[in-house]
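Please keep the sequence and the model in view while reading.

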Amino acid sequence: MRHMIRAWAQMIAMSNMLLPVLAMTQSQPPGALTVLGGAIERAGARKSPSTWTQCASSGCWIRMPQGQPGSTSSPDVYGVLHFVGGAALGAAPQLVYNRLLSFVSDSASVAVIASPFEVSPDHIRLAEQVSLAFNDCCNENGLSQLPAARRFKLGHSLGAKLLVMNACSSSSP
């Protein structure tokens, strides 16, 4: 069954990758999603919510759970959630998905690592990049010792596809 899922994921990746690659040339201007993603990323760089910090090693954004209103202590981290956003919105997940991810982080006492990415037709490479970035950020923040049962994945649109591709590969934890 696992081989069938892996083959299916590779087939989807190849079909999504083949048509845009055939149509693209180096002289074409960047697509609308790339331009929008870059604009969102620049806006996020100017003013990211203060509860997010950027991992130096990977460029991911991490948010630790905050205590209850009026509490001065930070709750223990139960687990870690890897989030990958949609095509254009994925460039600045800490800005675009802040309300959702903050709610999940605080409600479930999980650290949220949001992996930004630039749109590319090579989804296999993107999937590998977001996985490596997540692992680097976990290592940098002392979250790599959490058991696999406490590692969660959440994606929107293309981000969900990238996470599924990683889950189907044998090298992904």
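Strand 3 (residues 79-84) is largely enclosed by the rest of the structure, because 6 of its 6 residues are buried; buried means under 20% relative accessible area, exposed over 50% and partly exposed in between, with a 1.4 Å probe and protein chains only. The model is a predicted one, in which local features need pLDDT of at least 70 and side-chain atom pairs count only at pLDDT 80 or more, whereas totals for chains, interfaces and linings use all residues. Residues are numbered from 1 along each chain as its sequence is written, and side-chain values use heavy atoms, with hydrogens and water left out.

**Overall architecture**

- The chain contains 6 helices and 5 strands; helices (H or I, at least four residues) and strands (E, at least two) are DSSP runs, numbered from the N terminus.
- Read from the N terminus, the elements follow the order α-α-β-β-β-α-α-β-α-β-α.
- Of the 173 residues in the chain, 37% are buried.
- Contact means heavy atoms within 4.5 Å; among contacts in the chain between residues at least 6 apart in sequence, 78% join residues at least 24 apart.
- The chain has an accessible surface of about 9,800 Å², and carbon and sulfur atoms account for 61% of this surface. Accessible areas come from the Shrake-Rupley method with a 1.4 Å probe, and for residues only the protein chains shown count as cover.

- The 5 strands form an open sheet in the order 1-2-4-3-5, with mixed pairing. Strand 1 and strand 5 are the edge strands, each pairing on one side only.
- Two strands pair if DSSP finds at least two bridges between them. Strand 3 pairs with strand 4 in the parallel sense over 5 bridges, and 5 bridges also join strand 3 to strand 5 (residues 151-155), again in parallel.
- Phe 83 stands opposite Ala 114 in strand 4, and the bridge partner of Phe 83 in strand 5 is Leu 154.
- Strand 3 is covered on both faces: Gly 79, Leu 81 and Phe 83 are buried on one side, and Val 80, His 82 and Val 84 on the other.
- Strand 2 and strand 4 are antiparallel and pair over 3 bridges; Ile 62 has Ile 113 in strand 4 as its bridge partner.

**Nonpolar cores**

- In soluble globular proteins, nonpolar side chains tend to be buried together.
- A nonpolar core is a set of buried Ala, Val, Leu, Ile, Met, Phe, Trp, Tyr and Cys residues joined through side-chain atoms within 4.5 Å. The largest one has 12 residues, including Cys 55, Ile 62, Val 80, Ile 113, Phe 134 and Leu 146.
- Strand 4 (110-114) and helix 5 (123-140) each supply at least two residues of this core, and helix 5 gives the largest share, 4 residues.
- Another core, of 10 residues, lies apart from it, with Val 130, Leu 158, Leu 162 and Leu 163 among its members.
- Helix 6 (residues 158-168) is largely enclosed by the rest of the structure, because 8 of its 11 residues are buried. Its buried residues include Leu 158, Lys 161, Met 165 and Asn 166.

**Cysteines**

- What is the count of disulfides? The count is 1, a disulfide being a pair of cysteine sulfur atoms within 2.5 Å.
- The disulfide joins Cys 55 to Cys 137, with an S to S distance of 2.0 Å. It links distant parts of the chain, 82 residues apart: Cys 55 lies in the loop between strand 1 (53-54) and strand 2 (61-63), and Cys 137 lies in helix 5.
- Cys 55 and Cys 137 are both buried.
- The sulfur of Cys 138 is too far for a bond, because the closest cysteine sulfur, in Cys 137, is 6.5 Å away.
- Cys 138 is buried, with a relative accessible area of 0%; Cys 168 is also buried, at 9%.

**Ser 115 and its surroundings**

- Ser 115 is placed in the loop between strand 4 and helix 5, and its relative accessibility of 1% means that Ser 115 counts as buried.
- The side chain of Ser 115 makes a polar contact with the side chain of His 82 (2.6 Å). A polar contact is a pair of N or O atoms within 3.5 Å; within protein, one must be able to donate a hydrogen and the other to accept it, and residues adjacent in sequence count only if both atoms are side-chain atoms.
- Leaving aside neighbours within four places in sequence, Ser 115 is in contact with residues including Cys 60, Phe 83, Gly 90, Pro 93 and Ala 133.
- With neighbours within four places in sequence again left aside, Ala 133 is in contact with Ser 58, Cys 60 and Ser 115.
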